[in-house]
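Work through the two exercises below with the model open. Each solution goes step by step.

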Amino acid sequence: MRRAVRRALVRGLGAGVVAGAVVSALMLGGSPGGGAGSGPRGDTAARAAAPRAEPAKMPADDESCRPRESYRPPSVMPQPGHMPAGSTMAAIVKRGRLIAGVDQNSYLFGYRDPLTGNLDGYEIRMLRRISTALFGRDDRIEFRTISSNQRIPVLSPDRKVNPDPVDIVVDSMTINCDRWKSVAFSTDYMNAGQKVLVPKSSTANSIRDLGGKKVCAAGGTTSIDTLRALKDPAVIPWPVKDWTDCLMLMQLGQVAAVSTDDTILIGLHKQDPNTKLIGPRFTDEPHGVAMQSQAIDFVRFVNGVLEQMRQDGSLARLGQDWLGQDYGPDFAPPAPEYRD
């Protein structure tokens, strides 16, 4: 019932251009700290050339990289509160909280509920499941809200440049070979692909109709890199801090379109129904949970939690509950791929 009321409220607020801007302001208005935090997102370019989905191109020295392959989970998962001595998980449990970098501006994935002021969404619920596996309860999380270009820096273990790193980032983050050089990823928990959101009044039918026009995306994302790499057509990439900033600029007529993962665009469309998604996917964007490169034991643990969620159906239910028919009635999480 609460979710129905919440979605009805957001749909009502987003019924027009000005009203949609009010929703964006609400999403940005939560105060940081106390289970929230304060708060950016990082990637390589993919060229949109064909109407079918294609993975982002990698640097030549990454030809052997298989970005979807992560570390195999333990054969037996430890019981909550009883982590292996000396493990990354034991240190987290001893601290008493999991420190997580999340978004507060991606409706349906990680956003501040205007009815409660609390963070919620698909990825917040995933984090709560990880908290339960660690502590036996889902509320042992210190949320630090970040923007797109902060997702990798906040994980850096170098205390000189990052004195207080997070343990984990769950923030619609594309897995690719370039990012594997800085962080370690879980298995792919959701596949997405870059598309385009335009006003309903737009005559554009795909990215090919936007040559020479401003197309907005969050800075530090694969989406903005893809836009910069486009040659046919060449668009004018317009980077901003948060996705709600893109929506507001489009509502004000300052950009022609917003382009990113279709899963994020679904949330923006729900905030302002006077928009529409156009064209096919023109990139392939596997989503992963990011952790510190040296914390391989924690990556294995998180993969174990994701495997439990695949097996008990809860990962698929998250997709249905939060994206539903907008993503597809037969949503199924991708099968895991392991490197060992």
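**Exercise 1.** Is glutamine 292 buried or exposed, and which residues does glutamine 292 touch?

*Solution.* 
- Step 1. Glutamine 292 is buried, because its relative accessible area is 13%. Buried means under 20% relative accessible area, exposed over 50%, partly exposed in between (1.4 Å probe, protein chains only).
- Step 2. Strands (E, at least two residues) are DSSP runs, numbered from the N terminus.
- Step 3. List what glutamine 292 touches, leaving out residues up to four places away in sequence: Leu155, Pro157, Pro165, Val166, Asp167 and Ala184. Contact means heavy atoms within 4.5 Å.
- Step 4. Look at the side chain of glutamine 292: at 3.0 Å it reaches the backbone oxygen of valine 166.

This is a predicted model: local features need pLDDT of at least 70, side-chain atom pairs count only at pLDDT 80 or more, and totals for chains, interfaces and linings use all residues. Residues are numbered from 1 along each chain as its sequence is written, and side-chain values use heavy atoms, with hydrogens and water left out.

**Exercise 2.** Which residues of β2 are buried on each side, and which strands does β2 join?

*Solution.* 
- Step 1. Strand β2 spans residues 98-102, and five of its five residues are buried.
- Step 2. Find the parallel partners. Five bridges join β2 to β6 (residues 141-145), and two join β2 to β7 (residues 168-169). Strands pair if DSSP finds at least two bridges between them.
- Step 3. Glycine 101 stands opposite arginine 144 in β6. Alanine 100 has isoleucine 168 in β7 as its bridge partner.

Terms used. Helices (H or I, at least four residues) and strands (E, at least two) are DSSP runs, numbered from the N terminus. A polar contact is a pair of N or O atoms within 3.5 Å; within protein, one must be able to donate a hydrogen and the other to accept it, and residues adjacent in sequence count only if both atoms are side-chain atoms.
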